[in-house]
Amino acid sequence: MCGIVGYIGEEQAAPFLLNGLSKLEYRGYDSAGVAVYDNELHVVKSKGRLSVLDGILQGGKALPGTVGIGHTRWATHGAPSDVNSHPQVSDGGKFAVVHNGIIENYLELKNHLIRRGVEFVSDTDTEVVAQLLEYYYRNDVLDAVQKVIRRVEGSYALGIICADCPEKIFAVRKDSPLIVGAGQGENFIASDIPAILSKTRDIYRLQDKEIAVLERDNIAFFNEEREPIEKQLERVEWDVDAAEKGGFEHFMMKEICEQPEALRKTISPRIKENKVVLDDISLTAEQLRDVSRVFIVACGTSYHVGVVAKYAFEKLLKIPLEVDVASEFRYRDPILDEHTLVIIISQSGETADTLAALRMAKKSGARVLSIVNVVGSTIANESDDVLYTWAGPEIAVASTKAYSTQLAVIYLIVLYMAQELGVLSDKERKEYLDDLQRLPDLAESCLADKEKIQYFASRYFNAGDMYFIGRNVDYAASLEASLKLKEISYIHSEAYTGGELKHGPISLIEDGTLVIAICTYDRLFDKMMSNVKEVKARGAVVLGITTHDREEAFRQEGDFRFCIPKITDFMLPSLSILPLQLFAYYCASMKGCDIDKPRNLAKSVTVE
């Protein structure tokens, strides 16, 4: 959840650290701090956004030194405060540590150290790491790091500097992302690529319990037994502009508008000669025929992708599919065996609950196929098969193009399995593939009509409550639409199936209540019109999302409408979500909300 950056080289560290942290604020932004060595360790940190720290440090000019680490925080242990901000420093002042993750046995370790006279000043679990390092330190930092990672339990990415060894930065990770950047006469660590992309495109990805030791002109890697290991250097090919706003006011609007192109990159290379070609997976037709049950396990937006997937899988493949929230999956004793396919969905590939679910599934003998965006992430590395969404960097905390590209990969998987199992005729397969290939252009046409949604948002952005209703795939889309609205505008919203209105939620409808009815699923359109009439009779104002061919029918019942093109029914959420992403964005903008960094949220959830 938190963001880490580190620098060692010939230039001043603090300006780079501040710039790097500005690219990581999507990971947390309730406090920030840096530690820089200049004859001694100097630590400056503050509660609040990075801009507060930037002002204190005068853009970095007020803190000289060429070695340093920085951190932007999403609070877990201890409320946001100057004292609880990172870096955390050991009692004797020798070690400064930045940390992303959670040390699960921190209380046991803290009490152990207190009994030995160590004084703690913060409420954080991270301070335990700093104190342990000094407790074990005997003039060998690498030895102390090795001992610490044997004692701590939980997840961590750690950046460490030692006052006795100022010419080195030490880094280690477990279940939290951390990369090492290689430069010329300077080297770097970071939680994510954008933080160091202004300096280097050459990176190493640390794996669990691998330790990196960075010097100005050298990087060495060790396993947890302190044995030297070789790491493969990776070249980042995407452009730095992909992680910049590019003239847009917010990353979220930029990423909404990038969805057509992201869909093209996800879909086009995987359809050849009217067949789905998934070169990255090894699932054979024989293995697919052996699958008796499918689970999709994910969190948040990715979970909503799974809800859409259920309709597609069971419609085309007639294979039972269950969709589980990852944080619940492990604790309900799901029935898993070698005939089970578990599909893991995660934008970052590091989501803690989802990763834990993956490991449980593999231990139970199930085959795991993951859908992720980040190449080389932990979930990707630990899966039997992986399909990348190729969405490019997504910086805004509220996910948009991740949802679209994950859906596209789901469609590809369903059609691939249908193709390999022979459950579709050539004509049917071609019709589905034609629609899938049309999807980017259709998405572009939906986004071209932004002003209509902007006008509607201008009339209702001050609403206290909003309700989304839909049936079948429209209900699946309403879940994501409701989440987007509440995430960034702080408007209370809920999503219900149209048929459930009469079983309680309709009691919430009164004069002026805004109901957004997604009515694109043709087979249940008439039933949705009945639901629209029910809420209208109780005073609701209704915005409808429907298809062009149903515009006139909806006009007779609803107040406002936005029309999308007709497409294969299980692909409809890819289009119906677009005006509702825009609606959420415009409501938040008109309310003056911090759209890219909504309160209490962070992009990559690497803690349970």
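Q: Hi! Which residues are buried in helix 4?
A: Hello! In this predicted model, the buried residues of helix 4 are Thr126, Glu127, Val128, Val129, Ala130, Gln131, Leu132, Leu133 and Tyr136. That makes nine of its 11 residues, so helix 4 is mostly covered, with buried meaning under 20% relative accessible area.

Q: And what covers the buried residues of helix 4?
A: The cover includes strand 5 (88-89), strand 6 (95-103) and strand 7 (154-162), along with helix 3 (106-114) and helix 5 (141-151).

Q: Where does Asn105 lie?
A: You'll find Asn105 in the loop between strand 6 and helix 3.

Q: Why does Asn105 count as buried?
A: Asn105 counts as buried because its relative accessibility is 7%. Leaving out residues up to four places away in sequence, Asn105 touches Arg151, Val152 and Glu153.

Q: New topic: in what order do the five strands of the open sheet come?
A: The order is 24-23-25-26-27, with parallel pairing. At the edges are strand 24 (492-497) and strand 27 (560-564), each pairing on one side only. From one strand to the next, the twist averages 15°.

Q: How many bridges join strand 26 to strand 27?
A: Five bridges link strand 26 (residues 541-547) with strand 27. Thr546, for instance, has Cys563 in strand 27 as its bridge partner.

Q: Which strands does helix 19 lie across?
A: Helix 19 lies across strand 23, strand 25, strand 26 and strand 27, and runs at about 160° to strand 25. Helix 19 is also mostly covered, with 16 of its 19 residues buried.

Q: What follows helix 19?
A: Gly592 does, and its phi is positive, near 80°.

Methods
Residues numbered from 1 in each chain as written. Predicted model: local features only at pLDDT ≥ 70, side-chain atom pairs only at ≥ 80, totals over all residues. Heavy atoms only, no water. Buried < 20%, exposed > 50% of the residue type's maximum accessible area, 1.4 Å probe, protein only. Helix = DSSP H or I, 4+ residues; strand = E, 2+ residues; numbered from the N terminus. Contact = heavy atoms within 4.5 Å. Pairing = 2+ DSSP bridges. Axes fitted to C-alpha atoms, helices over the stretch in contact; angles between N-to-C directions.
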